[in-house]
Amino acid sequence: MRAPRENASWIRDLRACGPVQAEALTDLRGLLLRGLTKSFQARGDTDQAFVEDVVQQALVHILDHLDQFQGRSRFPTWAMAIAVRLAMSALRRKRWQDVSLESMRAPIEGAPAWDRDDTTSPAQHAEQHAIVATLSRLIDETLTEKQWLALTAELGGMPLEEIARRMGSNVNAVYKLLHDARQQLKHGLATAGYTAEDVRSAFP
Amino acid sequence: MALRPEQAKALIAKVMDTRDQEMTCDACVADLATFVEVQLTGTPLSAALQAVHEHLERCHDCADEYHVLRQALAALAEEEGC
């Protein structure tokens with residue numbers, strides 16, 4: 001049995017031509033296929049054709065981006081991370097393809113029905129009500145329409161990548177948009193007199 | 001703005017969990033391969049990888065990728081061990 005390739009050998013062989021590159025590609029394809037097949041079998045939301053398609057796309061991407069491998073992990077790990085990213089991106093796109101950002105607002109907004117349950121004391125229930133009323137006011141007064149749209153979509157479970165696609169933006173920019181919104185609301189609650197401890201006590 | 005109770009609770013949890021400095025998804029993805037290797041070998045996390053760990057606790061998308069990647073690599077490691 002041949003010893004596993006070291007990182008440098010992977011790079012050298014994948015950059016080579018002819019049979020050397022073909023053999024390295026076959027080995028890498030096999031690794032990615034076996035790893036992804038096992039991983040997605042456990043999830044149960046894909047079939048083998050999907051995995052094979054993703055692996056093919058990953059091989060093309062990896063060959064095009066060999067110069068970005070910095071050697072901070074083993075090469076197969078880096079390559080697998082790329083394949084996983086492509087797979088998850090495709091799954092997210094398919095899962096959310098018919099959902100608009102606007103449609104994510106309806107389940108979030110609505111008349112509050114804060115009926116007290118048996119686990120909440122009357123005082124705690126009153127405090128919850130007051131904090132949510134303040135939060136609602138802060139949303140109206142401090143967030144932009146774009147921030148609220150992104151926040152409702154995120155709360156509804158839409159992946160950032162899909163929010164970004166709909167906003168004509170990128171994941172980092174959407175993450176910053178959401179981070180700024182959360183910071184504004186946190187700061188607003190503090191300014192309104194709610195300490196972190198107050199909020200934790202009201203919403204244990 | 002009226003909020004439904006469950007969503008209000010989820011939003012409050014997110015808001016209160018917000019830090020001044022948070023790792024972005026791109027930065028997390030760049031270190032994810034190293035992070036998973038360290039996790040699988042049980043090596044203690046460096047400060048940089050601790051930031052990845054914290055990001056994964058608040059970012060569902062990156063956490064999802066982490067779990068798939070970890071499972072794929074664990075399957076290959078098991079294969080090598082056979």
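Let's start at Ile139(A), which sits in helix H5 of chain A. This is a predicted model, and in it Ile139(A) is buried, because 22 other C-beta atoms lie within 10 Å and 20 or more are enough for that label.

The domain assignment gives domain 1 as residues 7-96 and domain 2 as residues 115-202. The C-alpha centres of domain 1 and domain 2 of chain A lie 38 Å apart.

Between H4 and H5 of chain A there is a loop, and Thr120(A) is found in it. Is Thr120(A) buried, exposed or partly exposed? It has 17 C-beta neighbours inside 10 Å, so Thr120(A) counts as partly exposed.

Now step over to helix H4 of chain A, where you will find Ala79(A). Ala79(A) counts as buried because it has 27 C-beta neighbours inside 10 Å. Which residues does Ala79(A) contact, leaving aside its neighbours within four places in sequence? They are Leu28(A), Leu32(A) and Ile62(A). Gly193(A), by contrast, is 114 residues away from Ala79(A) in sequence and 49 Å away in space, C-alpha to C-alpha.

In soluble globular proteins, nonpolar side chains tend to be buried together. Here the largest nonpolar core has 67 residues, and the members that touch the most other members are Ala83(A), Leu135(A), Leu32(B) and Leu69(B). H4(A) gives the largest share of this core, ten residues.

Not counting residues up to four places away in sequence, Leu32(B) touches Ala81(A) from chain A, together with Val52(B), Glu65(B), Tyr66(B) and Leu69(B) from chain B. Elsewhere in chain B, Gln39(B) lies in helix H2, residues 25-41. Gln39(B) counts as partly exposed because 17 C-beta neighbours fall inside 10 Å. Arg70(B) is 31 residues from Gln39(B) in sequence, yet the C-alpha atoms of the two are 8.6 Å apart.

The contact between the two chains can be described as a whole, too. Chain A puts 45 residues into the contact and chain B puts in 36. On the side of chain A, six helices each supply at least two residues: H2 (18-43), H4 (75-96), H5 (122-142), H7 (160-167), H8 (171-191) and H9 (196-202). The largest share on that side, eight residues, comes from H8(A). Sorted by class, the side of chain A that touches chain B has 26 nonpolar, nine polar and ten charged residues.

Let's finish with H8(A) and its partner H7(A). Two packed helices are described by the angle between their axes and the distance between the axes. The axes of H7(A) and H8(A) come within 8 Å and cross at roughly 100°. That angle is why H7(A) is described as roughly perpendicular to H8(A). From H7(A), the residues Leu160(A), Glu161(A), Ile163(A), Ala164(A) and Met167(A) take part, and they meet Val171(A), Ala173(A), Val174(A) and Tyr175(A) in H8(A). What classes do the residues of this contact belong to? Eight are nonpolar, none are polar and one is charged.

Definitions and conventions: Residues are numbered from 1 along each chain as its sequence is written. Chains are lettered from A and ligands numbered from 1 in the order in which they are written. This is a predicted model: local features need pLDDT of at least 70, side-chain atom pairs count only at pLDDT 80 or more; totals for chains, interfaces and linings use all residues. Domain bounds come from an automatic or database domain assignment. Two residues are in contact if their C-beta atoms, placed from the backbone, lie within 7 Å. Helices (H or I, at least four residues) and strands (E, at least two) are DSSP runs, numbered from the N terminus. Ala, Val, Leu, Ile, Met, Phe, Trp, Tyr, Cys and Pro count as nonpolar, Asp, Glu, Lys and Arg as charged, and the others, Gly among them, as polar. Axes are lines fitted to C-alpha atoms, for helices over the stretch in contact, and angles run from 0 to 180 degrees between N-to-C directions. Angles under 35 degrees count as roughly parallel, over 145 as roughly antiparallel, 65 to 115 as roughly perpendicular and the rest as oblique. A nonpolar core is a set of buried Ala, Val, Leu, Ile, Met, Phe, Trp, Tyr and Cys residues joined through C-beta atoms within 7 Å. A residue is buried if 20 or more other C-beta atoms lie within 10 Å of its own, exposed if 12 or fewer, and partly exposed in between; C-beta atoms are placed from the backbone.
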